[in-house]
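My notebook is open and the viewer is running. I'll jot down each thing as I look it up.

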Amino acid sequence: PICAFAASTAVFAKLLRQPPGGIQAGCGQMCPKRRRAAQHPVHAPQEPSDEKQVEQEDLRDRLSVARKAAEAAKRRCQRIKDAVAELMHSMRDCPSSEVPFTEIEHLLTEAENQEQSGQSVEDFINDGLENIKKSMREAYEERFLHFPLPEYLEPHYGTAGQINVAVSGGPGTGKSTFINTVRELAPNHAQARPTSSTQQCTMEPTLVEHRVPWHDVIINIWDLPGGGTTEFPSQTYVKDMGLRYFDCVVLFTDRTFLEAETSIVGELARYNVPHFLVRNRVDLAIQLAIQEAEDNCGDELTQRQKETIEAETLEQIRHNLKDVAPSTERVYLISSRLKQQSKFDFRTSSGISLQR
């Protein structure tokens, strides 16, 4: 019994030393779990080959270059926007000028070359933009402002005892009617200037001499063609009419001042030419405002209500004109019709009109 127990104990101890899988493993057979593990061994990760490592480094380099190119393109786009915005802002002093995109492109290309070499480019770009703006201004002045005295004005320019006054503005704004009223001439008078509210009557600068009673002076009133038309475009109107050579310019409109009139005001102020803004036909604006108020309330307004609307309308028109031409000291609201000469800002006294 003792020998048998010892033998069985040895066998049991041997079995305990067997790997997982049981007694069958000791018989030369493998359990399914170990068999699957043997068929699909798990290998440790291998280091990439030299070729793959080169490819990865090349990919990283290309991504870096693309990222830098994208950042450079973004900076370039922003610089173009900033440059164009600054030049567009400066064009307020150079109406009808064009943004020189070719010069901007060349400037930014040079800036990129400097940036790639590690140099600061902000000062370089700012200096370049200043040079471009200077060139724009010089080109504009050469084209539109530096012009000789017009031939029609030569015999009267700088003549002692004569004052040259230009009556300018858009077509059909009442310029000729104003001149007739200043001279106290009815529209059908033989010496009256032809007038029309639907078409341009004045096609060339026309002189109307106005002698001031009891004063040894002649006021040469020049009835100028209306600007902003095909025949007289606003881009060259100041040059074509020679407005900078007049002693005074009266600028007419029968609506709010548009870009053409605002541009003329800017050039007159630049050359210190005395000028006045005249809003004509305010009587029609007042009449329209009263009619609109009566339509809204469905009844005729009292005289006091009409006077209130008249005062409010005149104040609004005056305020709007001052907004578009802040450099002008005063604007005049008139109706140039002969029977309206005693109303609004139109005053007649010994042949001198326009309240001073």
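Which way, left-handed or right-handed, does α10 pass α11 in their crossing? I looked it up, and α10 passes α11 in a right-handed crossing. The rule for handedness is that a crossing is left-handed if the near helix is turned anticlockwise from the far one by less than a right angle, and right-handed if clockwise.

**Ground rules**

I'm working with a predicted model, where local features need pLDDT of at least 70 and side-chain atom pairs count only at pLDDT 80 or more, while totals for chains, interfaces and linings use all residues. Residues are numbered from 1 along each chain as its sequence is written, and side-chain values use heavy atoms, with hydrogens and water left out.

**Overview**

I found 11 helices and 6 strands in the chain. Helices (H or I, at least four residues) and strands (E, at least two) are DSSP runs, numbered from the N terminus. Of the 356 residues in the chain, 34% are buried. Buried means under 20% relative accessible area, exposed means over 50%, and partly exposed is in between (1.4 Å probe, protein chains only). I also checked contacts, meaning heavy atoms within 4.5 Å. Among contacts with a separation of 6 or more, 63% are between residues 24 or more positions apart.

**Back to α10 and α11**

The axes of these two helices come within 9 Å and cross at roughly 125°. Axes are lines fitted to C-alpha atoms, for helices over the stretch in contact, and angles run from 0 to 180 degrees between N-to-C directions. Angles under 35 degrees count as roughly parallel, over 145 as roughly antiparallel, 65 to 115 as roughly perpendicular and the rest as oblique. α10 and α11 are therefore oblique to each other. On the α10 side, the contact includes Val 282, Ala 285 and Ile 286. On the α11 side, I noted Ile 309, Leu 314 and Ile 317, among others.

I zoomed in on Val 282, which lies in helix α10. Val 282 is buried, with a relative accessible area of 0%. Leaving aside neighbours within four places in sequence, Val 282 is in contact with Leu 314, Ile 317, Leu 333, Ile 334, Ser 335 and Phe 344. I checked a C-alpha distance too: Val 282 and Ser 336 are 54 residues apart along the chain, and their C-alpha atoms are separated by 9.3 Å.

Then I moved to Gln 340, in the segment after β6. Gln 340 counts as buried, at 10% relative accessibility. Not counting residues up to four places away in sequence, Gln 340 touches Asp 283, Ser 335 and Phe 346.

**Nonpolar cores**

A nonpolar core is a set of buried Ala, Val, Leu, Ile, Met, Phe, Trp, Tyr and Cys residues joined through side-chain atoms within 4.5 Å. Which residues touch the most other members of the largest one? I listed Leu 224, Tyr 237, Leu 243, Phe 246, Ile 264 and Leu 277, out of 32 residues in that core. Elements giving two or more residues to this core include α8 (237–241), α9 (259–270) and α11 (303–324). α11 gives the most, with 4 residues.

I looked up Leu 224 as well: beyond four places in sequence, its contacts include Tyr 152, Ala 166, Thr 202 and Met 241. There is a second, separate core of 16 residues, with Val 165, Val 167, Val 182 and Cys 248 among them.

**Cysteines**

Cys 248 is buried at 12% relative accessible area, and Cys 297 is partly exposed at 45%. How many disulfides does a search of the whole structure find? I got 0, where a disulfide is a pair of cysteine sulfur atoms within 2.5 Å.

**Helix α7**

Is α7 largely enclosed by the rest of the structure or largely open? It is largely enclosed, because 7 of its 8 residues (the helix is 175–182) are buried. Phe 178 and Ile 179 are among the buried ones. What covers them includes β1 (162–169), β2 (206–211), β3 (218–223) and β4.

**Positive phi**

Most residues other than glycine have a negative phi. I noted Glu 184, not a glycine, with a positive phi of about 55°. Glu 184 sits in the loop between α7 and β2 and is partly exposed at 47%. Asn 272 is not a glycine either and has a positive phi of about 55°. Asn 272 lies in the loop between α9 and β5 (275–279) and counts as exposed at 68%.
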